[in-house]
Amino acid sequence: MKKLIKKLTETFGPSGYENQIRNIIKKEIRGYVDSLKVDRLGNLIAHIKSKGKKVMLAAHMDEIGIVTSYIDKNGFIRFSNVGGFFPIHSLTARIMFENGRVGVIGEEQRNSMKDPLEISKMYIDIGARNKKEAEKIIPVGTFGCYERKFEDLGKRIIAKSLDDRIGCTVLIEVAKLVRKKVAADTYFVFTVQEEIGLKGAKTSAFGINPDIALSIDVTGTGDTPKARKMAIKLGNGAAIKIKDRGMISNPSVVNSLIKTAKKNNIPYQLEVLEMGTTDATAIQLTMEGVPSGAVSIPSRYIHSSSEMVDIDDVNAAIRLISKFLKTSL
Amino acid sequence: MLLEELSNLDGASGDEGEVREYLTHKISKFVDNIETDPIGNLICFKRGKKKRPTVVIAAHMDEVAFMITSIKKDGTFRFAKVGGIDTRVTLSKTLRIGRKKIKGVVGVKPIHLQTEETKDTIPKFKEFYIDVGATSDKDIKDIQIGDYAYFDTLYEKFNKNIVKGKAFDDRVGCSLIVDILKEQFDYPLYAVFTTQEEIGLRGAIVIGNRIKADYAIILEGTGAGDFPRKDDLPKSPYLNKGPTLTIKDRSMIADRKLLDGIIKIAKREGIPYQFKQPSIGGTDAGRIQISQGGVRCAVIAVPARYIHSPVSLMSIKDYKNTLKLTLSVLKNLTKAGIK
Amino acid sequence: MIDLENLIKNLSEASGVSAKEKTPKDIVKQELSKMQIEVKEDRVGNLIGFEKQKRNIGKIMIATHIDEIGLMVTNFDENLLRFTTVGGIDKKILLGQEVTVYGSKPLKGVIGSIPPHFQPKEKQKEPFTIDDLFIDVGLSEKELKRTVKVGDFISFSKKCVKLLNNRYSGKSFDNRVGVAALLYTFQEMKHFKHNWDIYGVFTVQEEITGLGASSATYSISPDVGIAIDATFGKQSDFPPDYSVEIDKGPVIAVGPNIHTGLRKYIVKIAKEYEIPFQLEAEPGLTGTDAAEIQVSRLGVPTLLISIPLLYMHTPIETISIADIKRTGRLIAIFLSKLTRELLKGDKYAT
């Protein structure tokens, strides 16, 4: 599984440019589902047919990134954010573009170290000597994302875009584990453009019209020094979401997940997230409304180029969702 | 139940009548003499076999509350604090006003209509207002300037040991005295329910002038210390850890020998006890101790959380232990080497 | 006959935080069955009372949200609870409020802080942040962790009080006042003949996402949607020229979120039947279920009728019973007079 996570996280895929990720996932999941299709916006929908209730599981393929907006006469490239790309994580980080080129993020001189970082005062340096050279390689309107190597720390791993390639990994591993033996009519949906407004989730849910939906995404933790007070800890199990900034999970779905976890001795923790939301928020509001919840992977340093998760939590999530799909709902 | 009824009564500094009436009714058959002095202190006297020592037990009847200061044309009221109340705890609370206990609410602007600045600032207390549902000042019949307004709290049991109510500071002391008066003592005992403690220990000044006492034990409700701290400081006094003894507060230093005697008795009888953090708060003991030729004073208190707010929490276990300890001290005053 | 005083007291004191609306829904179910109105619940929890006609000219949906704002447990701090808000709550009103924590059993609690004199003087002038506040239920750490878990819901617990002029003050009148008005509308409609299928929807989670309204409107697909909610009434600390006042009747919203023709018609009805009413200008989205209703499917002609309420989103929300009755009567008469012609274009446009 770590090899898969490494491949997925090191690959380019900001919102709107998820094709490389989609291709990797297609190859991995193909043998474990009845059908695969790609919808109009680019969502990858893998389906295991069954007579039970329609369950939609969503994990997003896109990561946060940047888009180039202007190249100055010396070849420095100005940019704006795609999704929650925060300046504080990006100063002197490396950005990669679809064609493989890599650059460094620099900033204009600040009046004092205490001044806040602003994207408008930052730029990408791809080592070009002038505007003409830069434009040839990276024209205006090019999308980029963090460039960072995957690190295996044993029980824990560090990588960029674990949000939400780890969710995609979980779905793939669930498909491999269940081997089509599920009670639910299961749709594994790898969505696009979550980071810029849950767009893929909205449209794919309209197409499927599920009876129940779960998003599989990352959530924060409260276990680092003087952290925001949050009960989630790395290593304490799969997080069952009660509420986040965008929605309240359907209480029956939450109870069902807790019951499944308890029955199968799967470590779990209860999640209340104050900042951030997931695809489930958009799916919930589809048509007649969809009872929705989420299983989250606790992660530190979200939206930086070094997100960290615990492999035990990932495995707990895989087991939890697999068992959930086998219960008659 | 005594504590429940006392907590639900309304009586602030200068308006202690309701409490005084209730207490008079409760203790009259246990004492030999009752009188009320011009500042409103209720002074009860129990004769003893011996003539010395003269002992005073005291608690204050008043709680912190509000007073109506003006009536606006639109039928709402401006009001002031009587005693120390944190402005912040007053917002959006329900009050009961005047003899007729008319209900009113302390209005606050809806969050949707606040600006970025006002979201993080507390409005000035002089801009606070009480709304009783009037359409104009012409609707106001039973409320006038100078009427008192109290937090509209009702006593409630939270679980088998913890209770919620207002004014545990110092109705708990009043309740203890009523329970104590049911017993007999060999020396003359003054049970004093003072007024106006919350605005400067005023009733106690007069008590000090009126009674020449050898010892005084002040029974109080004191602020608990068991709230979350960012530092390493001790959290005493805790709820459920027993009667709280004052070593030194801002109004006085407790009589050393008397305090040592109390501790000895507590240890001997296996009654839990704890100490109040030094240099915080003040009590009637501050006035009584330095009255006339001086009085040897100690303070025994029941800890309570969130005093001076609409909802305070205390432990019945602490009440019982405080009663036990105080009775034991009073009964053993002439022995136990307290002299 | 609905005992309105008792009903609003019970509705106000019932705990029904967004996603946990069972208790107020049970009260509504009882009232609807007393009026012999059929009840069902949809899959996101909306409660729907409906009256179908033998030959109907269309469907009218009246939606009013049944959820209230509240709090939620986020963490333990020894024997105390840390919490976050569910819905929009002003942190300044939290200190010293009484609450109920819904753990494995309901626990009474209070919202506390460190004593003010433990703060440095400058801090005493600032409101406590939610991170600085905690909930105390008077249990030991062990007992607490046995009964409560992260994610448990918390509601304000407040007894409703009666003020002068038949006004009531209590928690969650936003929007139990609308719930009462919708029930009263059903009662009033029994006096009038009409040919519409009526769907009275008590929507869930309006305070969070509008999930109830968007889901119900989609599945019912009505010809007309009417939202009933609470709106701001003039308080002593409002500008003196603020136009909406308590006890002056239902408030009819005007603006892009509202169907002009329907709005003009309901104003005409109010004048004709001498029901006191007020107008409220809404230049953008109304921030109510009306926003979700209007853009459902092929679009729905939408009205918003609001009841004036003081001190919104605090436990001392204040309303006038007379306004509830006026609202119910106005909507009932409007429905009886409404024809399909009025939906075609803007008959009353000038």
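Colleague: Let's start with chain A: into which domains is chain A divided?
Modeller: Happy to, and bear in mind that this is a predicted model. One part of chain A, domain 2, is the stretch 65–146.

Colleague: How far apart do the C-alpha centres of domain 1 of chain A and domain 2 of chain A lie?
Modeller: The two domains do touch: 13 residues of domain 1 of chain A are in contact with 13 residues of domain 2 of chain A. On the domain 1 side, that contact consists of four nonpolar, six polar and three charged residues. As for the C-alpha centres of the two domains of chain A, their separation is 31 Å.

Colleague: How many helices and strands are there in chain A, and what radius of gyration does chain A have?
Modeller: Chain A has nine helices and 17 strands. Its C-alpha atoms fill a box of roughly 65 × 45 × 40 Å along the principal axes. A compact globule with 329 residues would have a radius of gyration near 20 Å, and chain A agrees with that, at 20 Å.

Colleague: What percentage of the contacts in chain A between residues at least 6 apart in sequence join residues at least 24 apart?
Modeller: First, some background on burial: 52% of the 329 residues in chain A are buried. For the contacts you ask about, the share that joins residues at least 24 apart is 75%.

Colleague: Which strands are the edge strands of the open sheet of three strands in chain A?
Modeller: The strand order in this open sheet is β10-β11-β17 of chain A, with antiparallel pairing. An edge strand here pairs on one side only, and that applies to β10 (151–152) and β17 (307–310) of chain A.

Colleague: Which residue of β17(A) stands opposite A:Ala159?
Modeller: Strand β11 (residues 156–159) of chain A and β17(A) run antiparallel and are joined by four bridges. Within β17(A), the residue opposite A:Ala159 is A:Glu307.

Colleague: Which residues touch the most other members of the largest nonpolar core?
Modeller: This core has 284 residues. Helix α4 (residues 173–189) of chain C makes the largest contribution to this core, with ten residues. Touching the most other members are A:Leu57, A:Ala317, A:Leu320 and B:Ala216.

Colleague: Which residues does A:Ala317 touch, not counting residues up to four places away in sequence?
Modeller: A:Ala317 is one of the residues that touch the most other members of the largest nonpolar core. Leaving out residues up to four places away in sequence, A:Ala317 touches A:Val170, A:Ile216, A:Ala238, A:Val295 and A:Ile297.

Colleague: How many residues are in the second, separate core?
Modeller: Among the members of this second core are A:Tyr17, A:Ile77, A:Phe97 and A:Ile105. The core is separate, and its residue count is 21.

Colleague: Let's move to chain B. Why is chain B as compact as a globular protein of that length?
Modeller: Chain B holds eight helices and 17 strands. Its C-alpha atoms fill a box of roughly 65 × 50 × 40 Å along the principal axes. The globule rule gives 20 Å for 339 residues, and chain B is as compact as a globular protein of that length because its radius of gyration is close to that value, at 21 Å.

Colleague: How far apart do the C-alpha centres of domain 1 of chain B and domain 2 of chain B lie?
Modeller: Chain B is divided into domain 1 (2–63 + 166–331) and domain 2 (65–151). Their contact takes eleven residues from domain 1 of chain B and eleven residues from domain 2 of chain B. The C-alpha centres of these two domains of chain B are separated by 32 Å.

Colleague: Which strand gives the most to the side of chain C that touches chain B?
Modeller: The contact takes 44 residues from chain C and 42 residues from chain B. On the chain C side, β7 (106–112), β8 (134–136), β10 (161–162) and β11 (167–170) each supply at least two residues. By class, the chain C side has 22 nonpolar, eleven polar and eleven charged residues. With three residues, the strand that gives the most is β7(C).

Colleague: Which strands of chain A each supply at least two residues of the side that touches chain C?
Modeller: In this contact, 18 residues of chain A meet 23 residues of chain C. The chain A side divides into eleven nonpolar, three polar and four charged residues. The strands you want are β14 (238–243) and β15 (268–272) of chain A.

Methods. Residues numbered from 1 in each chain as written. Chains lettered and ligands numbered in written order. Predicted model: local features only at pLDDT ≥ 70, side-chain atom pairs only at ≥ 80, totals over all residues. Contact = placed C-beta atoms within 7 Å. Nonpolar A, V, L, I, M, F, W, Y, C, P; charged D, E, K, R; others polar. Rg over C-alpha atoms; globule rule 2.2 N^0.38 Å. Domains from an automatic or database assignment. Core = buried A, V, L, I, M, F, W, Y, C linked by C-beta atoms within 7 Å. Buried ≥ 20, exposed ≤ 12 C-beta atoms within 10 Å, placed from the backbone. Pairing = 2+ DSSP bridges.
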